[in-house]
Amino acid sequence: METKITIAGALSEIKHVESFFDQLTEKHNIPADTRFKIDMVMDEILTNIISYGYKDNKEHYIDIYVHIENNIIKIVIEDDAIAFNPLLALPPDLTIPLEERPIGGLGIYLVKTSVNTIDYARENGRNILSMTMDLSATDQHMTEG
């Protein structure tokens, strides 16, 4: 089963995505801890796209495709923001005390460690970020493909 939601590139739209995923995860009896991870991942990615990806005042749209099959949820986010490959972002130095760490980088790290797979492509002027989560696994891990 594949579903899609399209939102305008505005921070106020993120609440629609959260509601969309809440309904979807309830329909498929997805555990609360996985629901939380999905909400956190989507909030982080969409906030980054909307906050840092657009350098003009034009209207932009973000397409989110979701496919659930065999206890795997695949989420694909497509946007026309500036090219940004989150897989190239350096992980934060977690050995530095929190108050001394530079701002930024932790959100992408949390996304990467919350999903099983994450892939990035740039096609036809669009960022395409694909992620999967194993809905039957209790311990999530990330691999880049």
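A residue counts as buried when its relative accessible area is under 20%, and as exposed when that area is over 50%. The exercises below apply this to a predicted model.

**Exercise 1.** Determine whether Ser 114 is buried or exposed, and identify the backbone atom that lies 2.6 Å from a polar atom of its side chain.

*Solution.* 
1. Ser 114 belongs to helix H3, which covers residues 106-114.
2. The relative accessibility of Ser 114 is 7%, so this residue is buried.
3. The atom 2.6 Å from a polar atom of the Ser 114 side chain is the backbone oxygen of Leu 110.

**Exercise 2.** Explain why the buried residues of H1 line one face of the helix, and state what covers them.

*Solution.* 
1. The buried residues of H1 are Ile 14, Val 17, Phe 20, Phe 21, Leu 24 and Thr 25.
2. Viewed down the axis of H1, the buried residues fall within an arc of 125°, and therefore they line one face.
3. An α-helix has 3.6 residues a turn, so residues three or four places apart point the same way.
4. On the other side of H1, Lys 15, Gln 23, Glu 26 and Lys 27 are exposed.
5. The cover over the buried residues of H1 includes strand E1 (2-8), helix H2 (32-52), strand E2 (61-69) and strand E3 (72-79).

Terms used. Residues are numbered from 1 along each chain as its sequence is written. This is a predicted model: local features need pLDDT of at least 70, side-chain atom pairs count only at pLDDT 80 or more; totals for chains, interfaces and linings use all residues. Side-chain values use heavy atoms; hydrogens and water are left out. Helices (H or I, at least four residues) and strands (E, at least two) are DSSP runs, numbered from the N terminus. Buried means under 20% relative accessible area, exposed over 50%, partly exposed in between (1.4 Å probe, protein chains only). A polar contact is a pair of N or O atoms within 3.5 Å; within protein, one must be able to donate a hydrogen and the other to accept it, and residues adjacent in sequence count only if both atoms are side-chain atoms. The arc is that of the directions from the helix axis to the C-beta atoms. Contact means heavy atoms within 4.5 Å.
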